[in-house]
Every structure is written in structure tokens, then in C-alpha cells.
Amino acid sequence: MSDTQTLIENRPPSVAALFLERVAATPDAEAYRYPVPPASGEGPDDWKSLSWAQAAARTDAIAAGLIELGVQPEERVALAAATRVEWILADLGILCAGAATSTIYPQTNTDEAAFILADSGSRVLIAENAEQLAKAEIARADLPELTHVVVIDAEGVETGDRVLSLAELESRGAARLEKEPELIRERVAAITKDQLATLIYTSGTTGRPKGVRLPHDNWSYMAKAIAATGLINADDVQYLWLPLAHVFGKVLTSGQIEVGHVTAVDGRVDKIIENLPVVQPTYMAAVPRIFEKVYNGVAAKARAGGGAKYRIFQWAAGIARESAKAAQDNFRRTGTASLPFGLAAKHKVADALVYAKIREAFGGRLRACVSGSAALAPEIGYFFAGAGIHILEGYGLTESSAASFVNPGEAYRTGTVGKPLPGTEVRIADDGEVLLRGPGIMQGYHGQPEKTAEVLEADGWFHTGDIGELSPDGYLRITDRKKDLIKTSGGKYIAPAEVEGQFKAVCPYVSNILVHGADRNFCTALIALDEPSILQWAAENGLEGKPYAEVVAAPATVALVEGYVKELNGGLQRWQTIKKFRLLPRDLDVEHGEITPSLKLKRPVVERQYRHLIDEMYAGTREA
């Protein structure tokens, strides 16, 4: 048996147990950094730290406080808060109490939050603030099992027997621990690997979300498997901003506990650019939309600098892509990522002019980024790779505890999601669907055995719903969601995500794009533009001061985007080409239910919302 197999197979039954091991091993080492905004509201944040021992003291107090409130093993405690250090401490407290965390995005509306609280049977809600508390209070009559609400930021909240602040919960827990100092150790020791740890509700594109049951063993396996990849080490500094209510953000906390590195936690997306030079991370995870925005921002800044600067940027972008492809090809053949002499010389010049500034904007120490949740356009991936920002795409689902595949360090291949994590099996079904089996797969959907049986076979194989291809040496490429594949009226199959990704690589102004064409005789697209980028272009092209809706409706803007659509079509098969498009009057967003909190497109919602524009594009054709 290999060392990796031994490491994974001898894993403890829970991450709670791993956490106690980590605290015992490195009590004084830094565990978490978190920002504290200035009291005046102006100026930079002050970053504070928690050692593993300090984090454990708070986690123990939260766990004991929940036990004091009557929470029993496997009972659910809901967590509705943005990504912040208290989210991690609360989650660990829930796990160490032997209970299970039900996650709720802070953006979730009252109706859906009430559904999750009721469906999960949550006994306690840990809410970020008065706004999250209000959702539970509105639905209180329909939540008989919800006995207490704990509020992290309790300013303006009237506390009492039923509603208490996080500080009060920790105080009660500390008092309980004075009487029973071994209480948490005993609870953790009693946790079994099949005990429910987390209930994550998937963001359904239609109907109610399904609760995915993830036992303690899933997270323990993930912690060991991530460590076994060798991608992270004890000296790393992770910048964690992803939603922790999403499985991608949550899994990152498991790997960190096993390895013991520092994590800087701040979920404010508008602070990412400001935080990166301060945190100076060595790695971070993100979704493709972040890399697209950075790329568009760099391109827009170059364009604003004048024609010469923009031409330099375009040249450098071309060299970056060419270099990345050559380096990856060479590594595959020879094991070294060397470049031909002439290309290496050009790359050195481009690095001084363009790439070094991009790396500096990421904090200057970034070794790699992990991208997941959706497909990254390969041309954007190659651009960053050539610029020295190595984006390792990974793949997984809520149902597989997030991390089933990841690209292997230096041997990464842009356009693939890499190889399976140690201990995870994969096979491709006859229809191209990716099937997974292993310790990371869910127990099933909460209270929905029929839905579980639709995707989980008796022998453990899970049907992902994604179409993919495996290379002879085990790299997986995801081509599309099975249900999202388009079949035109001419019988041709099209993967819309592939076309959409290519458009994002050629058009620096795009924010979101939806390709439509099922049962039609040609493809069309709905395109939403990135507001800051297009308004900057507008200011330089006679549309200064115009609101976004007017800018996207202007003939000059339509002509601009049409040029990029023609460029896209030049690289597509005839049946894939976009014959017509419409610019949307606003960007797609979470609030209107058009994208998920993890920034994935909800196709049915967008198509329903803009049905009139789709019908308009097909008016007068045979199928209209």
C-alpha cells in the first residue's frame, strides 16, 4: 500500500477529530487572519490573527453553548452568514458538538430561507445580523423546531431567551466547560464516520433546492485527499473569499486543517483587489467570473492608455497564450516547461511590460489559483498561465463534496479539470456522462429517496449530469451539462458552454452570455456586458454620462459587440455560429435569480425572463 493510500485509508472519522489533532500539533501557529474595519469607517482595515489554540477556545465555547441549548448529535444548526472568520468558527463548533450544519446563503430570500430551515429541521439558526434574523422571524410560525437564533453581529437586535448574541452563546459555553472540561473531547470521540455533518442545499434552476447529505467521513476524506495532492503545504497563505455556504468554499477549510497553513478570510467581493496586496496569498480559489473580470479590467485599462498601450497589451496577451501552450506541451513531452529561445526572449520583454504588473496586483507571491464551479474559457486560462498566474482547474459537485478532480501542479493542462483525487474513481458512461465513486460522494438527498435513486446507483456510482472525455493518461475534460446540450433542428449537437467560453475569451466587455438554439435551425445569443468596462468604452466613444441601459442600446455598442461575434464565429463550425444576438438592458444577477450565488447561469430562468428577445431573433424563420 502506498503512503498516499495509507494516509487516506487511516483517516479519522471526522474533521472535528482532525481539528483537535491540528490544535494539539501546532497550538501557537497562526490559523486565521481576518479584517477589522476602522471605527471611523474610513481608511484601510486592520488585520487580526487567531492561533489554532485561540480558534479552538472559541470553537469549544460555541460547541458547548449549542449543547447547553439542547442540540443533540446530528441535529441541524443552520448558518446564514457571509464568508467571515466567525462562519468557520461556528461551523467547527457545530461539528465538534456532533451536530450538522445547514448552510444558507445570506442572499437567499425569506421564502427559500424558511424552506431550508423547515426542510432541514434546524433547531438553531446562527444568523449574521438583524437582516438574516428577520427572515427567520417572518417565518417563525412555520418553524416549530427552531428553538433559538444566535446573532453574530447583534447590533440593533433585541436579545432574550430565544434570541442571543454569539458572544452570549460563547459565554454560556465557557460556563458549561468549567463544569465539564472534557465535554467537547467526549462529543468528538463519539462521532462516527457516517454521522451527518453538513446539509447543503443546491441552487436549483427550477423548483425547490435539494438538501445534499454529506457525512463527517466526506470531509475527513477531502482533507486527507487534498493534502495528498501536494498542492498545498504548511507555509502557504490562502486567501478565502468564496461563499462558505457553497461546497467549494467549505471544502477549502478541510484541506487547511489537515495541512495547518494560514487562511485569510474575507468574503467581501468588492474588497478582493484591495486585499490581495495586503494578504499576499500564495494560493487562492476562485470561480471563472473573477478571472474574466480581471482579464477584462486589464484589457480595458490598456485600451484607456491609448492605441500604443493597447497594441502592446494585445501583443503580450498573444505571447502569453503561445508561451503557455508551448510550456504545457513541452512539459507533457519532456517533463520541463521550457520555451524555444525566440519565444522565451519575447516572453521576457512582455513580462517586464505587462505580466509583472498583473502578478503584483495579485499580491506578488501567488503560486497558483484553483478554479472551479464552472468552466474557465481556455484562452483566458492560457493568458494567465503565460503571465505567471497558474490557474489549476478542478471539478466536483455538491454531491461529491466539491473536489473530485484537480490539475496536478506543474503538470496542469489548461482546458481540463485534471486528474481524480486519490481514492476517487471515474468512468464515462456510454452516452458520455461522467460517473464518480468514492469516499467523497453524498449519502443522498435529504428526505428524497426517489431523487437519490435517480443519480446514485446501488454500487455507489454517482451520475454527475456532466458530459466529459478522459485522456489516455487520466485528464478529464468537461464539455457540458448533459441537460444543457443543444440539438438543433438540423440534428447537430452543440455544447453552449463551450461557445460561451470562447466568446468570453475574445470579447473583453462581456459579463454573461447565453447561447440558445435547441430545436432551432440556427443559434442566437443573449449577451450582458460588464458595466464598468463598457461605460469606460462609452466615455471614450461619444456616449459619456449615458446610463448603462442607454449605452447597450446604442448602435455603436451593438456594432462593437457584432465585431466580436464575427471574430467568435470565425473559429466555430458552421452550425455553432451565432447568427443573431441581443444585448440585455442590465447584467444578470443573483437578486433576480438569473445566476446562482456561485455565479453559475440559470438557463431556464434567463430564457424565461428574456423570451421576448429570443422570439424576436427567430421571428420570420421557419420554426417561429
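**Entry 1: strand β12**

I began with β12, where both faces are covered: Tyr283 and Ala285 on one side, Met284 and Ala286 on the other, are all buried. Buried here means under 20% relative accessible area, exposed means over 50%, and partly exposed lies in between (1.4 Å probe, protein chains only). I note that this is a predicted model: local features need pLDDT of at least 70, side-chain atom pairs count only at pLDDT 80 or more, and totals for chains, interfaces and linings use all residues. Residues are numbered from 1 along each chain as its sequence is written, and side-chain values use heavy atoms, with hydrogens and water left out.

I then looked up the partners of β12. Two bridges join β12 to β10, and the two strands run parallel. Glutamine 238 has tyrosine 283 of β12 as its bridge partner. β12 also pairs with β13 in the parallel sense, over four bridges. There, alanine 285 stands opposite valine 370 of β13. Strands are DSSP runs (E, at least two residues), helices likewise (H or I, at least four), numbered from the N terminus. Two strands count as paired if DSSP finds at least two bridges between them.

**Entry 2: the nine-stranded sheet**

I traced the whole sheet next. It is open, has nine strands in the order β2-β1-β11-β10-β12-β13-β14-β15-β16, and its pairing is mixed. β2 (46-51) and β16 (419-420) stand at the edges with a single partner strand each, so one side of each has no neighbour in the sheet. Strands of a sheet pair through backbone hydrogen bonds, either parallel or antiparallel. I checked β14 (residues 391-395) and β15 (residues 405-406): they run antiparallel and are joined by two bridges. Tyrosine 395 stands opposite phenylalanine 405 in β15.

Which strands does α10 touch? I found β1 (30-36), β10 (237-240), β11 (262-265), β12 (283-286) and β13 (368-371), with the helix direction at about 160 degrees to that of β10. Contact means heavy atoms within 4.5 Å. Helix α11 (residues 272-279) lies across β1, β2, β10, β11 and β12, running at about 165 degrees to β10. Axes are lines fitted to C-alpha atoms, for helices over the stretch in contact, and angles run from 0 to 180 degrees between N-to-C directions.

**Entry 3: α2 against α10**

I looked at the helix pair α2 (residues 15-25) and α10 (residues 247-259). They pack at an angle of about 35 degrees, with axes 8 Å apart. Val15, Leu18, Phe19 and Arg22 of α2 meet Ser254, Ile257, Glu258 and Val259 of α10. By class, the contact has five nonpolar, one polar and two charged residues. Ala, Val, Leu, Ile, Met, Phe, Trp, Tyr, Cys and Pro count as nonpolar, Asp, Glu, Lys and Arg as charged, and the others, Gly among them, as polar.

**Entry 4: cores**

The largest nonpolar core has 131 residues; Phe19, Tyr32, Ile184, Trp241, Phe313, Phe362 and Phe384 touch the most other members. Helix α4 (residues 85-96) gives the most to this core, with nine residues. A second, separate core of 30 residues includes Ile494, Ile513, Leu560 and Tyr564. A nonpolar core is a set of buried Ala, Val, Leu, Ile, Met, Phe, Trp, Tyr and Cys residues joined through side-chain atoms within 4.5 Å.

I singled out phenylalanine 384. Leaving aside neighbours within four places in sequence, phenylalanine 384 is in contact with Phe291, Val294, Tyr295, Ile358, Phe362, Ile389 and Ile391.

**Entry 5: the three-stranded sheet**

This open sheet has the order β24-β25-β26 and mixed pairing. β24 (510-516) and β26 (578-583) are its edge strands, each pairing on one side only. β25 (residues 523-529) and β26 run parallel, joined by five bridges. Alanine 525 has phenylalanine 581 of β26 as its bridge partner.

**Entry 6: single residues**

Is serine 323 buried or exposed? Serine 323 counts as buried because its relative accessibility is 3%. Serine 323 is found in helix α13 (residues 307-334). Leaving aside neighbours within four places in sequence, its contacts are Leu339, Leu343 and His347.

Alanine 141 is in the loop between α6 (130-138) and β6 (148-151). Alanine 141 is exposed, at 75% relative accessible area.

Glutamate 74 has phi near 75 degrees and is partly exposed at 31%. Glutamine 280, in the loop between α11 and β12, has phi of about 50 degrees and is partly exposed at 34%.
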